[in-house]
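Trainee: Could you go through this structure with me and explain the terms as we meet them?
Mentor: Gladly, let us look at it together.
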Amino acid sequence: MTTATFRIWRGTGNEGSWEEYPVEISEGMVVLDAIHAIQTEHANDLAVRWNCKAGKCGSCSAEINGNPRLMCMTRMETIDTSQPVTVEPLRAFPRVRDLVTDVSVNFRMKKSVTPFTPRKPDAADGTWRMKQEDVDRVQEFRKCIECFLCQDVCHVLRDHHKHDEFIGPRHFVYNAALEMHPLDVADRTSDLKKRDGIGYCNITKCCTAVCPEHIKITDNAIIPLKERVVDEFYDPLTRLFRIFMPKKQEPAATPEEIGKVIDG
Amino acid sequence: MSSYQTHEFDVLVIGAGGAGLRAAIEASGAGQSVGLVCKSLLGKAHTVMAEGGMAAAMGNSDDRDDWSTHFADTMRGGQYLNDWRMAELHAKEAPARVRELEAWGAVFDRTKDGKINQRNFGGHKYRRLAHVGDRTGLEMIRTLQDHGIHQGFEVFMEYTVVELLKDGDRIAGAFAYERNHGRFHLFKAKSVIIATGGVGRCYKITSNSWEGTGDGHALAYRAGATMRDMEFLQFHPTGMVWPPSVRGILVTEGVRGEGGILQNSEGRRFMFDDIPDAYTHQTADNEDEGWRYIIGDKEARRPPELLTRDHVARCIVREVREGRGSPHGGVFLNIHWIKEQLKDGSEHIKKKLPSMYHQFMELGGVDITKESMEVGPTTHYVMGGIQVDSETQMSIVPGLFAAGECAGGLHGANRLGGNSLSDLVVFGKRAGEYAAKYAADQSMPTIDAGRIEEIERHALRPFETDGDGENPFEIQHDLQNMMQERAGIVRTEENLSFALDALVGLRERASRASAYDNRDYNPGWHTALDLDNLLDVSEMIVRSAIERRESRGGHFHDDYPQKCEQHGTWNTVITMTGDGSMQRAEQQIPAIREDLQSIIEENQK
Ligand SMILES: Cc1cc2nc3c(=O)[nH]c(=O)nc-3n(C[C@H](O)[C@H](O)[C@H](O)COP(=O)(O)OP(=O)(O)OC[C@H]3O[C@@H](n4cnc5c(N)ncnc54)[C@H](O)[C@@H]3O)c2cc1C
Ligand code: SF4
Ligand code: SF4
Ligand code: FES
């Protein structure tokens with residue numbers, strides 16, 4: 001068994017300091033295990049979020065040696081332990097305590113997006129039909145576990161603090177999932193351009209690089225959304241290689257029609 | 001010292017998993033003001049981890065399926081201790097709840113003709129689980145969350161309820177602290193819905209997160225509700241066993257649904273060696289037939305790996321005990337063998353089981369398209385819970401409702417996989433509807449200020465231990481180890497009595513649990529407060545188990561390894577007596593309606 005030194009940012013709000021703790025490393029251990037060991041042995045008030053311990057809930061985001069990562073999916077074997085291992089809270093959000101940040105802005109950003117709006121049911125049995133190949137792309141976006149690592153790494157939020165003008169990569173993925181949903185008929189392009197700040201994204205792809213769900217955020221979500229915005233606001237004829245076609249304008253299902261879908 | 005903020009709602013929902021979210025949507029839709037509190041951030045509840053799918057007899061993948069078969073399967077799986085009316089409502093209403101999720105934006109995997117696809121799962125006669133790869137829970141919780149945030153209820157994230165409040169006999173609200181800064185909050189409400197999920201953290205090896213401390217079970221019990229069937233824990237047969245840091249993390253039954261087989265160290269498919277009588281007529285007797293079932297041959301019967309979880313878990317324990325286990329004390333789960341049957345087998349595995357592929361690759365360094373997984377039982381689900389009215393989900397405490405994993409009844413002695421996600425939305429909706437109706441007829445209750453002071457004082461106690469304080473994490477670990485050893489998958493009279501004594505000592509230590517004096521996001525403090533709930537729930541489990549002198553479903557008693565007919569006529573119930581001690585009794589199962597009995601008999605043929 002080897003011992004590693006962890007340097008952890010400890011403090012309340014912006015007041016705090018780096019503290020060092022020794023941790024014994026055993027086979028298969030992940031960074032979150034080390035944090036728990038520190039909690040049990042040295043500091044039972046060390047604040048950290050976690051739930052699933054298997055990369056499924058997106059709670060345990062932090063910066064490990066400066067890289068935004070899920071602590072539960074970062075194996076100690078992949079880290080150089082000859083140096084102290086630093087663990088600090090996400091930088092794009094206000095600090096609460098130790099490794100916990102206030103990520104509530106993300107929940108507000110999401111709420112501002114026009115929700116799912118299905119078209120009228122059109123299958124004989126009063127529901128809808130969707131082909132698997134037509135939902136593959138949307139399912140890629142719906143894998144998002146809301147870890148907000150992409151938000152953390154994006155310079156528009158991290159360095160320029162444009163939280164009020166830019167909803168960030170996570171919410172472009174959310175928009176894309178809605179816009180490309182075969183049943184959805186709402187149009188979010190104007191919001192994307194005017195309110196959500198999609199123009200600030202200069203396609204650095206840093207968000208894609210950190211996504212633990214391997215969602216191709218930039219190529220599959222942001223670029224097609226940008227194209228849609230361009231189509232709508234500039235010259236629709238110049239776009240030759242559209243990734244997806246503008247939506248047909250269709251009426252949405254009424255609450256009564258939705259009620260019938262449900263009752264079968 | 002009293003300082004807290006007061007909030008008033010018609011309906012208060014505690015818990016934001018599938019059950020709580022669905023309840024809040026319904027109650028809000030009925031025009032009541034609704035508050036929703038949860039311990040984690042929105043969208044992180046246990047439901048997010050569910051993998052395999054959601055059971056509903058839609059008949060999309062097999063048109064022979066209908067509600068009556070689903071009902072009969074649920075009752076057989078629960079060994080007939082289920083609340084049969086709940087099992088009936090669940091089977092009838094689940095398809096509508098799946099379609100509802102689709103109408104709210106969920107994107108389930110599709111059949112060739114564009115309908116919602118359904119997969120095989122243990123104990124279900126037909127292909128019945130609507131799913132999204134192996135991340136169905138994520139799809140469910142995200143759909144409810146994204147729909148719910150536009151329904152007008154108010155969400156309090158990272159708030160923990162420490163006690164329920166009453167006004168005379170009826171419910172009056174709840175008292176909570178907010179995790180971020182440790183401040184107290186009083187939630188006054190006309191009705192309260194508990195949707196707090198499970199109790200897995202009573203055990204060392206579990207698929208449950210830190211949240212699964214049985215808070216709702218303990219809160220309701222202390223508020224006077226009746227608990228039922230608490231001896232029935234589900235030990236899921238396939239948890240990861242290696243490396244140690246991931247021990248207990250779930251490997252979805254979907255692996256077996258897609259053709260995964262269980263093998264011992266000799267390479268033998270040991271599940272063929274012991275098939276219970278109730279299932280012989282629907283279980284394959286050779287490997288070829290088992291595979292044909294997997295690929296949808298309607299003439300073929302299910303492979304024995306898809307027997308109910310209680311049985312599969314016990315067979316694994318037997319193999320390990322008799323020395324035929326894997327190197328780290330489990331058995332082998334092999335999905336890569338399907339490459340012999342399918343030429344694009346590797347791709348098929350990655351497509352159908354993407355999270356499992358990643359989970360093993362990243363956490364275990366195992367490529368499941370090439371190597372077998374090592375798996376063993378893990379504490380997964382509690383069948384027992386708050387006893388509720390089958391239609392309305394109200395407990396015996398007026399105005400106190402429960403839904404989801406924390407409510408008892410639907411699953412009897414053993415839950416079928418996939419029956420939980422459907423349970424959450426079927427009964428979450430019902431609880432929301434009836435809690436709203438109830439609230440509409442009530443005035444705002446009065447709160448007893450003295451009681452609040454008492455609760456506050458109790459909650460702050462971990463800051464006031466001087467000198468003799470104990471580390472709450474250590475007490476929690478000791479409790480988990482004790483329960484694992486003494487009240488786990490194989491039980492004996494001796495071990496259970498030992499557990500009962502041990503709990504007394506652990507309670508004494510818990511009263512001395514101490515925390516650093518800083519109320520901002522302080523896990524030591526939070527853990528100290530969770531201990532009361534873990535201890536109450538552990539005691540319910542042990543007291544219920546000790547008196548069930550037979551083996552049935554999730555309860556395996558080594559001194560009484562057979563099922564006993566007489567024991568099949570009652571449910572265990574637990575209540576708190578006037579002096580605060582725990583009392584256990586037997587409650588006769590009401591006679592089943594004749595038409596339902598005929599359905600059961602029809603399906604036994
Ligand atoms: C890994 C895994 C895989 C699973 N796979 C499947 C599957 O494929 N199919 C299936 O049907 N079932 C599956 N299950 C079971 C199923 O996921 C759970 O039973 C179900 O999600 C429980 O939902 P719930 O709404 O009752 O509670 P949960 O989702 O557990 O939510 C509980 C909520 O209550 C809150 N809470 C708890 N205590 C308090 C308190 N004191 N104060 C305030 N809030 C509180 C929590 O914060 C949380 O929001 C699986 C479970 C696990 C762990
Ligand atoms: S690609 Fe755009 S959204 Fe992603 S990190 Fe770069 S600027 Fe931010
Ligand atoms: S898109 Fe990826 S990185 Fe961003 S929140 Fe979702 S899972 Fe995390
Ligand atoms: S704890 Fe859930 S993603 Fe790490």
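Mentor: Let us begin with a term: a residue is buried if 20 or more other C-beta atoms lie within 10 Å of its own, exposed if 12 or fewer, and partly exposed in between, with C-beta atoms placed from the backbone. By that count, buried residues make up 47% of the 264 residues in chain A. Keep in mind that this is a predicted model, where local features need pLDDT of at least 70, side-chain atom pairs count only at pLDDT 80 or more, and totals for chains, interfaces and linings use all residues. Residues are numbered from 1 along each chain as its sequence is written, while chains are lettered from A and ligands numbered from 1 in the order in which they are written.

Trainee: What does the secondary structure of chain A come to?
Mentor: Chain A has 10 helices and 7 strands. Helices (H or I, at least four residues) and strands (E, at least two) are DSSP runs, numbered from the N terminus.

Trainee: Why are H10(A) and H3(B) called oblique to each other?
Mentor: Two packed helices are described by the angle between their axes and the distance between the axes. Here helix H10 (residues 255–263) of chain A packs against H3(B) at an angle of about 140°, with the axes 7 Å apart. Axes are lines fitted to C-alpha atoms, for helices over the stretch in contact, and angles run from 0 to 180 degrees between N-to-C directions. Angles under 35 degrees count as roughly parallel, over 145 as roughly antiparallel, 65 to 115 as roughly perpendicular and the rest as oblique. The pair H10(A) and H3(B) is therefore oblique.

Trainee: Which residues make that contact?
Mentor: From H10(A) come A:Ile258, A:Val261, A:Ile262 and A:Asp263, and from H3(B) come B:Ala96, B:Arg99, B:Glu100 and B:Ala103. Being in contact means that the C-beta atoms of two residues, placed from the backbone, lie within 7 Å.

Trainee: How many residues does each chain give to the contact between the chains?
Mentor: Chain B gives 51 residues and chain A gives 48 residues.

Trainee: What surrounds ligand 2?
Mentor: Its neighbours include A:Cys154, A:Cys201, A:Cys206 and A:Cys207. A residue is near a molecule if its C-beta atom, placed from the backbone, lies within 6 Å of it. By class, this shell around ligand 2 has 8 nonpolar, 3 polar and 1 charged residues.

Trainee: And which residues come nearest to ligand 1?
Mentor: Of the 45 residues around ligand 1, B:Gly15, B:Gly17, B:His46, B:Gly197 and B:Gly404 come nearest. H12(B) gives the largest share of that shell, 4 residues.

Methods. Ala, Val, Leu, Ile, Met, Phe, Trp, Tyr, Cys and Pro count as nonpolar, Asp, Glu, Lys and Arg as charged, and the others, Gly among them, as polar.
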